Amino acid sequence: MKEPIVRFQDILEAVRAYMPDADTGLLRRAYVFAAVAHRGQLRKSGIPYLSHPLAVTKTLADLRMDIPTLCGGLLHDVLEDCGVPESVLREQVGEEVTGLVVGLTKTAKVSLRSTKRRKLESYRKTLIAMSRDIRILMIKLSDRLHNMRTLYSLSEEQKKRISEETLTIYAPLANRLGISWMRSELEDLSFRHLNPDLYEEIRQGVEEKVKAKAEVFKKVSEILEERFRRENIPCEISGRVKHYYSIHRKMVQQEIDLEQIFDLFAFRAITAEERHCYQVLGIVHSLWAPVPGRFKDYIAKPKPNHYRSLHTTVFGPSGDCVEIQIRSRAMHQEAEHGVASHWIYKERAGFDQKDEATFRWLRGVLDGLQEISSPKVFLDAMQLDLFPDQVYVLTPTGEARELPRGSTPVDFAYTIHSEVGDHCAQAKVNGKLVPLRYELQNGDVVEILTSKTQSPRKDWLKFVKTADARAKIRARVRREEREQAQALGREILEKGLRKSGLHYAKLLKEGDFQKVLKAYRLKGMEDLLRAVAYGRLSPAQVLDALPREEPEEEEGAWDKGFERLVEKAEKRSDTGVRVRGIPDIFVRFARCCHPVQGEEIIGFITRGRGVTIHAKSCPKTKEGEPERWIEVQWDEGGVGLQRAKIRVISEDRPGLLAGLSKAISAVDVNISQAKAWTTGDRQGVAQFDVMVRNLEHLNDLLHSLEKVKGVVAVERILH
């Protein structure tokens, strides 16, 4: 790919646009010095090396940097790559420019190819060198931007390494400085080299969606422009497309696809003054209804990098969601150039020290780094202020791991190995046991304790942050649920077959189930067993599809068959519950709600324990996989005595327990367990486990207790 060539004249024209009275003599001298120093040198692409410092300096000019910074951009490689003595450079361009170049040379010597532990030290040294002067950081970012734009001539290994470094340190720094366009371009260029196929897929998808919505965008622009003219509000309307890496990050974090992202395109309304911003907002909301929860006021409460703007999303023409960003020209300038937009340029003096407060937040962070000698201690200072979305933690051996902020020991465990994550039983942070949902902090030393009996739990999905951990947990949970369903399906099917004198193992060996699979279009026995477990197939349906031989009719066979039918019709389930109409399935009653006959019930397929029966009013029915909840019903007739839990709240007075006991006996209910206590506000609480015949019997008990003098409330316990 051919690189665009920047001329020195282009830089001069850009400088005159924002510093018309600037003395460019020093800049011309720096250009001549750089041209002589780099004479004969070529880039990997084969073009003269001078094209690189010229491109870097043009970016700095676009950022409206001062003359010494532009000189530093032209000369940033002469000490390291050309062997120019520092004294010679100082003699030619002076102390200020030489100081910038020396600072840049020291950051260049830091190797980011290192192991993760050494990488932390690299970050520290890089930022300390830059902290001497913010302008060093601006040159470094511009240098990295041009390198990313011209990676094509490097090897694949070099492309990936440089791209990873850019995503890790340079793009977040550009974001922290508030230079949004540079951060976006650095991220997209890195993404393009790290995952070219996915990058291209997203790029094409975005282009198609933008093209499809072109008429909507045009209509919105026309409506807004006409309304602003009528209201006499000076305002420019433009559009921006969400950059590709940002789309990719949102897709991963929210586990959605491109079709579910509704803010691919946004309008920008740029007003003359800040006071117009809220007027524009009022007009937008009068035209279209705002989407609830999508309004952000970054003017009243700016972002940490000083970004200011109003963001709103409305239901635009034809019901399309349209995002609109509203800002003044000054805010837009700040969003484009970040902290550099606050510097007051003078012909000789660089940036004005009076404006130092504007970016004191950044200088304060960088200045303190010089006192830190330990990479571990450095983590907090770096992460909290420069990389707010990431957290760095260490293994017991000192190896660093980078995770999204809010990550837990479970996320950390999966970065080590899938097996460690799957069997993560406990975690120690800084030598102390912590809950698995503990949020890791910068510098934490994390140790994972595993157990062979531990397996991923579904509730882990509620707190893990990394997409990798989430995917692996979900896959393992699904596999275990399939295995549980297959085991339950086999248990149900074996019982159903035995009632007809058939044996599961024999039928399986002889291949008789193949006809069943074909009849119901199932791929294999696993699918058949899961279908039975989830109630999609009953044993009776399986029996109907099995190959059957008609036996010779014996004398009295009709009588025997009639007897069996009568016996089956009279037979009831031992538990009194039928699973989808099938009796004698292994069921158990949930201890949380103790359902009793007469109330609505539902079954939950439980690992290794058949079907657990819950009352439909039980809070637990709102949890678990929906497909594991199955229909169940009570058998006709009674099922014997069943346990129920009740709580009685009353006045604390003598003889009350005796009255409660008498009321329970009056309705022929036995007490299997009881406990009572008093509260601080002189109330008595009694809790009983009672044995009742059905729901009607239980209600009789509750009414009997409510009549006892001094009783405040009676309730059934469901938890």
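Reply: Phe 217 and Phe 267 are both buried, a word that stands for under 20% relative accessible area, with exposed over 50% and partly exposed in between (1.4 Å probe, protein chains only). This is a predicted model, in which local features need pLDDT of at least 70 and side-chain atom pairs count only at pLDDT 80 or more, while totals for chains, interfaces and linings use all residues. Residues are numbered from 1 along each chain as its sequence is written, and side-chain values use heavy atoms, with hydrogens and water left out.

Me: Why is Arg 530 called buried?

Reply: Its relative accessible area is 15%, and the limit is under 20%, so Arg 530 is buried.

Me: What makes the link between the side chains of Arg 530 and Asp 527 a polar contact?

Reply: The distance is 2.6 Å. A polar contact is a pair of N or O atoms within 3.5 Å; within protein, one must be able to donate a hydrogen and the other to accept it, and residues adjacent in sequence count only if both atoms are side-chain atoms.

Me: Why is the pair of Phe 217 and Phe 267 called edge-to-face?

Reply: Rings of Phe, Tyr and Trp (its six-membered ring) pair if their centres lie within 6.5 Å; planes under 30 degrees apart count as stacked, over 60 as edge-to-face and the rest as tilted. The centres of Phe 217 and Phe 267 are 6.0 Å apart and the planes stand at 75 degrees, so the pair is edge-to-face.

Me: Why is Phe 191 counted as buried?

Reply: Phe 191 has 3% relative accessibility, so it counts as buried.
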